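Dear colleague,

I am handing over the structure we spoke about, and my notes on it follow below. Please read them with the model open beside you.

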4 protein chains.
Amino acid sequence: MEHLAARLREFVRVRDWERFHTPKNLAMALAGEAGELVAEFQWLTAEESRDLDEDALRRVRAELGDVTLYLVRLADALGVDLAEAANAKLDDSERRYDPETYRGSARKAPR
Amino acid sequence: MEHLAARLREFVRVRDWERFHTPKNLAMALAGEAGELVAEFQWLTAEESRDLDEDALRRVRAELGDVTLYLVRLADALGVDLAEAANAKLDDSERRYDPETYRGSARKAPR
Amino acid sequence: MEHLAARLREFVRVRDWERFHTPKNLAMALAGEAGELVAEFQWLTAEESRDLDEDALRRVRAELGDVTLYLVRLADALGVDLAEAANAKLDDSERRYDPETYRGSARKAPR
Amino acid sequence: MEHLAARLREFVRVRDWERFHTPKNLAMALAGEAGELVAEFQWLTAEESRDLDEDALRRVRAELGDVTLYLVRLADALGVDLAEAANAKLDDSERRYDPETYRGSARKAPR
């Protein structure tokens, strides 16, 4: 992922696109790609989504790639370490969702 | 990121949440978190988004963490390598966006 | 909906919020609210989503209200008539999706 | 809007698409269209977004049409009155955002 951040930084620099890559605009681009990703699944049943055909998997992989690019780029622009941020949130969830209490349940834990 | 995928797999397993974590549902969760992320920036100017205050940066880092968790979890459920998928898309963009032609321009390249 | 647009315009004016309500920012706010809406459904089965309990329906109605507010506000800021725009897209879909050919099928029609 | 809901109901019925139009799936479709809408604005400045050229406005109008279709369809599937839901949320905001206190400010009111 660090390699990817560096590669993106250079990609943007040689095209003189820094002016477009504000955190605000990158967050919009990420939301747009997340929208394309969710659209790939919108008419599939739960079962179909677990067993994508070759064409659908190819499209989903491309959307996952796009989401990753903007996520890495946005984190880089803000100086945020994604693995650290994700692990911190998962620490949080482990505290909030006691396995005994929440086994097999989708309800939300209190904050 | 591989460590994160394994940690998440275990987190889900001990809570018996696999039934909820279909690719369809994970794509929805990712889109939901991307929505919370974009909402953090909605009233900020371009300049303000480049220079977040401490509170805003803390909230944005938490949202970036959430997006990362669902992205890693979804890719793991589908057997997709995120770095590979992202690098493939960036290869694509390097081909489509010739630096001379697209310098300083935000217009879209033809497919 | 016209009454709503007028009510919103006044709501914004007396708070001096026009500076925040650029079409760009309103599109972000709409995407944020659509993210909250999709999050309400993320762990529900298809069947559960057809038969929301009272609490879930109350939350979903609130999210639908928020999406509507930003949609009406954005259209008003751009001078777009939503009913006209929606009917034009539906005309399009009626042309593209011949009932015989697409009966019971979720596949996409060519453009 | 009522006319639109009825027109959509018939459009879906003659294609036998009711099985696809669960509230869950419709919320996903709405989020996908909101993503396409926000993407139209992602590289524009605040000023550019207030003054779209003809091509951009045509694309944005089409996206607003798509968002409206899925919003009306989802509300119809759930038996929610959109104007009522939106007005209720606006009543709420009028209570929470006292004009004196929040004039020219984008900060959030306490719940």
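**The interface of chain D and chain B**

In this model, which is a predicted one, chain D and chain B bury an area of about 510 Å² between them, and carbon and sulfur atoms give 74% of it. Of the area that chain D buries against chain B, 67% is supplied by D:Lys24, D:Met28 and D:Ala106, which is more than any other three residues supply. The contact involves five residues of chain D and five residues of chain B. As for polar features, two residue pairs are in polar contact across this interface, both at pLDDT 80 or more, whereas the count of salt bridges between chain D and chain B is zero.

One residue of chain B deserves a separate paragraph, namely B:Lys24, which lies in helix α2 (residues 23–41) of that chain. Its contacts include D:Lys24, D:Asn25 and D:Met28 in chain D, and, in chain A, A:Phe41, A:Gln42, A:Leu44, A:Thr45, A:Ala46 and A:Ser49. B:Lys24 is buried and yet has no salt bridge, since the nearest side chain of opposite charge, that of A:Glu48, is 7.2 Å away, while a salt bridge would need the charged atoms to be within 4 Å. A polar atom of the B:Lys24 side chain does, however, lie 3.3 Å from the backbone oxygen of A:Gln42.

Definitions and conventions. Residues numbered from 1 in each chain as written. Chains lettered and ligands numbered in written order. Predicted model: local features only at pLDDT ≥ 70, side-chain atom pairs only at ≥ 80, totals over all residues. Heavy atoms only, no water. Helix = DSSP H or I, 4+ residues; strand = E, 2+ residues; numbered from the N terminus. Buried < 20%, exposed > 50% of the residue type's maximum accessible area, 1.4 Å probe, protein only. Lys, Arg positive; Asp, Glu negative; His and termini not counted. Polar contact = N/O pair within 3.5 Å; in protein donor to acceptor, adjacent residues only side chain to side chain. Contact = heavy atoms within 4.5 Å. Buried area = accessible area lost by both parts, 1.4 Å probe. Lists of a residue's contacts leave out its neighbours within four places in sequence.
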